[in-house]
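Please keep the sequence and the 3D view at hand while reading.

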Amino acid sequence: MKRLIVLRRISQGAFLFLFIYILWSTTYPLRGALPPKVIFQADPLIMIFTSISERVILPGLIFILPFLLLTLIVGRFFCGWVCPLGTIIDGVGALSKVRKRHALLGDRANAKVRKFKYLVILVIATGSLLGVQLAWIFDPLVIAARFVSLNLIPAVTLAINRLFVFAIKNFDLYGGFYDFYRNLKGSLLGVKIYYFSNAALILLFFICIILSAVFVSRAWCRVACPLGAIYAFLSRFSLLSRVVYTCVRCRKCKSDCRMGAMNDDTDYVKSECILCMDCIYDCPQHTSRFVISPVSKKAIAQREEVPGSGITRREFLLLSASAFFLSFFKLERNLEYDASKGLLKSLLIRPPGAQDEARLMDRCIRCGNCMKVCPTNVLQPSAFGQGLEGLWTPHLSFEIGYCEYNCTLCTQVCPTGAISGLPVSVKQNTKLGVAEVDRKKCIAWADDKECIVCQEHCPVPEKAIKLIEDVVGDKRVYRPVVDKYLCIGCGICQNKCPVRPERAIQVLPLAALPDSR
Amino acid sequence: MFKYLMTNRKITRRQFLKSLGGALLFLTSARFLEGLSLAKAEGFNGRQKSDIKGLHDLVVSEGENSYLNVVEAVKAMGGMERFVKKGDVVVVKPNMAWDRTPEQAANTDPDVVASVVEMCYKAGAKRVNVFDNPCNDEKRVYESSGISKAAKAKGAYVYFTDSWNVVEAHFPYKSKIENWPVFRDALTCDKFINVPVLKDHGLTRLTLSMKNLMGVCSGNRGNIHVDIGEKLVDLTDFIKPDLTIIDATRVLIKHGPVGGNLADVKQMNKVIVATDPTLADTYASTLVGIEPSSVPYIKEAIARGFGNSDLSKASIKHIKA
């Protein structure tokens, strides 16, 4: 009975379930047991480096403490027992037929590649000191959450919906089964099937990361994960260590270790150990144990002294310098911003309460919470429309949805305050853009027909779309015009406009307006 | 196969063809299943109206309590038992289109809907369905309008519409909404009770019972606005509501149909009950002082002789609840 391994698997499964549950319930009316922010508030990488780069103390920073403290006691438990991406990677690794799972990496190569993650975190740290937040790119929780919210959940709900529809239509199950489906739709499944543009890019990024485990087990965690690097660094000083009492040099533990953490049979790289507990049961002598033993500084130093591991002074300096230079493009932009040459404005329409463009790109960790929670699916991940820096930041696409007048959900779920919380009354007066009628396309202007669907839907109590009455022949025609002061740019007019393929009324970003400069 | 590809570096011609065939089969079957699940909607030639007349052509009830208003008005009409028979499946179609509270008067008063639902069940209805195809987010609308909660408390089935569960409307005459997708549930029911709210509307001047029927339509509904008069009369003829109960408890007199300003809401405390939708709409428009013929669909109904639009020829009963 491999009790500890069973325990670990239960823990992994439970945390993966919790992770998906939290994201699944990130939807109107937001009554999940845990707020979706909490995932990232327990993530030291995001919390610490976003706080530094943005020069703020993010609310919820305190939640990282239990994780850091527990790591100081037992070691890198997060990677092996909690991390949802780690769990998925373990799952993919189990599919692999390569039995000796670090066969592709020799000892020396293995020791070399695993220090790469420290370089990653060094770049992130240098960036954050200079005011650039790069933590989001490689953060495992962000990568997993974005995949779950924008790929997995839409795909699963689509599949379930289609199955039900197929069954109901083809087997004529319009009775109780249909009622069951309707109840499911109103509660668990969600009324809408979400669509996210460029979601394939997100999927591709995710697949590249998890597929690395097919070739080398836990390759991502060993080599690149910056959150893993934080925990790895802390776990050097942890109290729990592995001890082998009588070793017969069979090397079974070494060849089976998923992290490639074994130096030889009795010694291991403590910072690489994720406490998966495999080696305890692999040992034919049954003498491999984890025990609490305070170790001296000397022992720590000895243990980490493997040729090729650790960062040399030269590497450190070289890297700091390059990270420093890398940040110059950003600095330049900030200077332009500070010198009040005018705010850098976005040509994309950003959600209500979003920071101004330059700050949004730094604050946003691309976790996808805002897009997942949006009831109308209007929030979409940007591709490269705003340059590489703008990748996967949220923007509004009114062809798909519109900003619901009384809704402030996206402002409630942002873990870093890239979209700051707004009360409903403030949000209702937040201008996202301004609508403009294209009189060549509008059927009321161009064809003198009845329509004004835009005016009908306008949620502003005084109506930001006014009607001009005109008589053509014997018919009275109403034509829409936009009151630019009242219009809040919610985009429901564009979304509901019946004209195809391009809508006759479109919301333009504020930056595109001539008088806003 | 995956494991094989991962461990062996070579691939034979047979394996190549097999995996190619497998992939093609998978992709085409996905298309095939997609087609099955979204099969074309069947045609439908319109509901049969039960043609039960009330004791009067139209009853107007006035009183503080909208719930009692409906009860008294329907009682004066001859009671719900007259319209709903034992074992009937009834659709109660409120105006539940906007993310607004009952006080803002953009949706039907929840008490009015609850009262209708309760009376249907008392009359022996097997099942009462309540739904709408809202303009705002469905979940928000159902909750903030208060209708979902009120109707569910009386035992109604309140659910969201499915855009795949539709039939195509066919007309015996040439119609501009031929083949329009209409929700099947609105047509397969035994009785259809239309429960609109009286309010201002930009294009049609007033939202009334015929305009409320747009809520049983799917598709790109904005297009119904072109020649709205003809299309709504056709639609009313297609649905043939058995009973029309217009809620004029709180009336949005400006900035409709969404509103939002409480200053635009006028407390009228009235409920109108009629079997003829044209008559109900005509009477309701006079309540707020709007010439019936200036409402496009009433104008069209008059021109076509659809229903009775002459108030002087109708027996109208006023009661106080």
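Strand β6 (residues 166-169) of chain B pairs with β7(B) in the antiparallel sense, over 3 bridges, where two strands count as paired if DSSP finds at least two bridges between them. Helices (H or I, at least four residues) and strands (E, at least two) are DSSP runs, numbered from the N terminus. The model is a predicted one, in which local features need pLDDT of at least 70 and side-chain atom pairs count only at pLDDT 80 or more, while totals for chains, interfaces and linings use all residues. Residues are numbered from 1 along each chain as its sequence is written, and chains are lettered from A and ligands numbered from 1 in the order in which they are written.

With β1(B), strand β6(B) pairs in the parallel sense over 2 bridges, and the three strands form an open sheet of mixed pairing in the order β1-β6-β7 (chain B). The edge strands of this sheet, each pairing on one side only, are β1 (43-44) and β7 (181-183) of chain B. Bridge partners within the sheet are listed below.

| Residue | Bridge partner | Strand of the partner |
|---|---|---|
| Val166(B) | Phe183(B) | β7(B) |
| Glu168(B) | Pro181(B) | β7(B) |
| Phe44(B) | Ala169(B) | β6(B) |

Chain B as a whole has 11 helices and 13 strands, and its C-alpha atoms fill a box of roughly 90 × 40 × 40 Å along the principal axes. An automatic or database domain assignment supplies the domain bounds, and chain B is divided into domain 1 (2-37) and domain 2 (43-320), whose C-alpha centres lie 54 Å apart. Of its 321 residues, 53% count as buried, that is, with 20 or more other C-beta atoms within 10 Å of their own; 12 or fewer makes a residue exposed, anything in between partly exposed, and C-beta atoms are placed from the backbone.

Helix α11 (residues 296-304) of chain B has Pro296(B), Tyr297(B), Ile298(B), Glu300(B) and Ala301(B) buried, and what covers these residues includes α8 (209-212), α9 (228-239) and α10 (277-287) of chain B. After α11(B) comes Gly305(B), with a positive phi near 70°.

Not counting residues up to four places away in sequence, Val116(B) touches Val70(B), Val92(B), Ile193(B), Val195(B) and Ile245(B). In soluble globular proteins, nonpolar side chains tend to be buried together.

Between the chains, the contact takes 32 residues from chain B and 38 residues from chain A, two residues being in contact if their C-beta atoms, placed from the backbone, lie within 7 Å. On the side of chain B that touches chain A, the elements giving two or more residues are α1 (2-7), α2 (13-37) and α5 (138-144) of chain B. That side divides into 13 nonpolar, 12 polar and 7 charged residues, where Ala, Val, Leu, Ile, Met, Phe, Trp, Tyr, Cys and Pro count as nonpolar, Asp, Glu, Lys and Arg as charged, and the others, Gly among them, as polar.
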